[in-house]
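Biologist: I am new to this one. Could you walk me through how the labels were reached?

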Amino acid sequence: MNTKKLSRPPGRPRNFDPDQAVAIAQRLFHTQGYDAVSVANVTEALGINPPSFYAAFDNKAGLYARVLDRYACTDAIPLKDLLRSDRPVADCLASVLEDAARRYGADPETAGCLVLEGTHAEDPQARAAACRFHAAAEEMIRAYIAERRPEKAGRLTDFVSLVMQGLSAKSRQGYTVDRLMDAARLASQALADELRCGTDGSAR
């Protein structure tokens, strides 16, 4: 009978929790940006060595994909809750922009949107993963607008997306929540004005 004890992977703590590791990595990526974070940074933060890291996550982009999944469930704007059929379209889009302003500026260390900032990553695999999440969010907004104002769905989705990109970028440049909220409210007013107009520009 072989009585040799099975050893755990070298460098991996006995209580290593992949889900907790993803949460730690999420803050790291959000704080520094995907490209600025190295595998060495990650393994140091998680208290594991590179072989254990690669065994758990395959590579940095693999870990980032896990981080994006977690972010979508825990910290992203809750579009399904905000885009409601029992409220005016303009009010719901305003709620989305104001929620973005609050979230993006709440913590200076994790400013902006992890997904939006990830769409600029130099790593093609990471950039593609972030772009998929972004495209899914845009499609949700477009489909919501199209249910009641199909003739404006594409144009207003583009506008909302551009405003959110700007809010994310400016929050990372140090804009306060108050400044971001002012911008979000101005954009919301523009949305309301546009939605009051018909396709020919007349009020409706």
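Modeller: Start with the cysteines. This is a predicted model. With a cut-off of 2.5 Å between two cysteine sulfur atoms, the count comes to 0 disulfides.

Biologist: Why does Pro50 get its label?

Modeller: Pro50 is at 39%, so Pro50 counts as partly exposed. Pro50 belongs to helix H3, residues 50-57. Its C-alpha atom is 7.5 Å from that of Ala40, 10 residues away along the chain.

Biologist: What span should helix H9 have?

Modeller: H9 has 20 residues, 153-172. At 1.5 Å a residue, H9 should span 28 Å. The end C-alpha atoms are 29 Å apart, which agrees.

Biologist: Where do the buried residues of H9 fall?

Modeller: Seen down the axis, they fall within an arc of 160°, so they line one face of the helix. Among them are Ala153, Leu156, Val160, Met164 and Leu167. An α-helix has 3.6 residues a turn, so residues three or four places apart point the same way.

Biologist: Which exposed residues sit on the face turned away from the buried side of H9?

Modeller: Arg155 and Leu162.

Biologist: What covers the buried residues of H9?

Modeller: The cover includes helices H6, H7, H8 and H10. After H9 comes Gly174, with a positive phi near 105°.

Conventions:
Residues are numbered from 1 along each chain as its sequence is written. This is a predicted model: local features need pLDDT of at least 70, side-chain atom pairs count only at pLDDT 80 or more; totals for chains, interfaces and linings use all residues. Side-chain values use heavy atoms; hydrogens and water are left out. Helices (H or I, at least four residues) and strands (E, at least two) are DSSP runs, numbered from the N terminus. The expected span of a helix is 1.5 Å times one less than its number of residues. Buried means under 20% relative accessible area, exposed over 50%, partly exposed in between (1.4 Å probe, protein chains only). The arc is that of the directions from the helix axis to the C-beta atoms. Contact means heavy atoms within 4.5 Å.
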